[in-house]
Amino acid sequence: MEKLLRIIRKMKKAVNKVKSGVKNEILSKLSEVKEEVIRILMETYDVMLVVTDRKSKTNPQDPKYRDEFEKRLWDFEYINDKGDKVGFKLPDMETFDFSGNVMHVIEQILEGTAGIYVEVNAEDYEAMFGKRIISREPLDTSVPKKELIYLMRYNNVVRAAEKRVFGRNNYLVRYPFSNTPPIPLLDAADQFVKGNMDRWMDEAVDNAVKKAKRGM
Amino acid sequence: MTYEMKNIRKEDTSLYYYLKHVVLQDFIEKDEMVPLQLLEEASCDEDNVYVYEALTAMAPSPTERGRGWVYIDTCSGTTTICNVDANGNQLTSYPVASGIKEQSNRIKVYDSNLNVINENEYLIDYIDGRVVTSGTVSPAYIDYYWYYISLVDEWAAISAADPPVVVIDLMGTDKTGYQLGPGRRVVRKVDIHIFASDPAERNDVVDTIYDGLYLKCAPLYDFPNGTMLEYDGTWYGRKSNMNKLTTLFDNSTLDYLGTNINATIGGIVQFENVTSRHINLPLIMTRSQDEVLLSDLNAYRSKISFDLVYYTYI
């Protein structure tokens, strides 16, 4: 009887060892996946958030935005370790952290903009409308007040003021993300993860079993 | 080689009709005794074509992009599109061999003495809000219903109308096998973007659309004769047939084989994984009519995402 209990204890120990080995393998694999996801998302960022108009003051490629976006991707909790369960989630527009000083600019771009807007600075605004622009809390609070630009709907009133003051209709720079639908940047890694997750799990289990066999 | 719409366009248009005529049917307004004015530049004496435009002060404008005058009746006592037989008689069951006829009680045209003009005496351009006659009658006033929500299927058209605007965006496709053989499960990823003029309106529209999709399905029309309206805004085929009981919109649906049927199976698209979320951008509001900063159109937004699913053998 005692011998049987010893065997059962030994078996339980072996099972626990395999379980723990599987979990470690999965966590290790998911850490690699996280790095790959961030690489894919940053690659997508560099492809999708490009402004070709050199006159535009909107520049998502500015290191201030790009680096912060990458930092937030690294900070995101992809792996959810709940003891005997491990979860993996990807950031989306609801879960990604856009809070703080500068990320609202990127959030605004990713959510899409309806309508055509032009970039107007305070000086041009004053010249066009004869009054100072009302001070507002900007999307990027790190920009000095004097350098702020305002996005104005390019309607007939603004067109007329532009032509009257600056003598032509293309003086104001068009906001490069005008009339742009939502940009699915954060969805870019979905297919990569969905399409490979089963294989990664199989590999992690195989590796754990192999290691356990070697240790026995 | 004959050209026919691909399924994706049929799905897009079917979804458009489902939202416009079924889901959003409570968002219909009435404009009464609106004066009609002869549009001389659009009329032609030689061809006996006289075009009248409604002079309405309604805001948002009933004829802005995605709106227009209501062009179908609803069945009495129900909330579905009114299906009729070839003689214009209302049918109680669906799907059956039937059609959808042009409205007959949504628009009334009067002469200057306020006598109702017979509906077979004129054509209606439902998109631009115009009455077209051959000169036999002189329209002076009109009552009509109009779609309060602008429903469009391209992002660029959003700014062409004042809110509320709803945009249908078919943004992706996944096709997977579902059985041995050539059958496929087709999944279209759809986003519906809602732009409203205040939070209350946004919430109403979002909830209405969400409830109209959750655990629901819609007919997948085949459009064998084209869509309900022609390019010029008139009812399809009406110009060559002034009898309003005929030339119906053919509401045949596609079956699993991708063929035109009027049977009781197939012919539907299902809505799955319906989710909604408000888009609360950190925008600053301005109410100046002249100088609109990035705000008004983008301030009260929401998005409904779902999968549009159907099965096909081909």
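In chain B, 17 residues of domain 1 are in contact with eight residues of domain 2. The model is predicted. This briefing covers the two domains and the interface between them.

**The two domains**

- The domain assignment gives domain 1 of chain B as 1–26 + 149–220 + 267–314.
- Domain 2 of chain B is assigned as 28–71 + 106–147.
- A distance of 30 Å separates the C-alpha centres of domain 1 of chain B and domain 2 of chain B.

**Buried area**

- The size of an interface is often expressed as the accessible area lost when the parts come together.
- For domain 1 of chain B and domain 2 of chain B, the area buried between them is about 1,000 Å².
- Of this buried area, 45% is on carbon and sulfur atoms.

**Polar and charged links**

- Between domain 1 of chain B and domain 2 of chain B, eleven residue pairs are in polar contact, with both residues at pLDDT 80 or more.
- The rule finds one salt bridge across the interface of these two domains of chain B.
- A salt bridge joins the side chains of B:E154 and B:R65, at 2.7 Å from N to O.

**The side of domain 1 that touches domain 2**

- In chain B, α1 (7–23) and β8 (150–152) each supply at least two residues of this side.
- The largest share comes from α1(B), with four residues.
- By class, this side of domain 1 of chain B has ten nonpolar, three polar and four charged residues.

Conventions:
Residues numbered from 1 in each chain as written. Chains lettered and ligands numbered in written order. Predicted model: local features only at pLDDT ≥ 70, side-chain atom pairs only at ≥ 80, totals over all residues. Heavy atoms only, no water. Domains from an automatic or database assignment. Contact = heavy atoms within 4.5 Å. Buried area = accessible area lost by both parts, 1.4 Å probe. Salt bridge = Lys/Arg side-chain N within 4 Å of Asp/Glu carboxyl O. Polar contact = N/O pair within 3.5 Å; in protein donor to acceptor, adjacent residues only side chain to side chain. Nonpolar A, V, L, I, M, F, W, Y, C, P; charged D, E, K, R; others polar.
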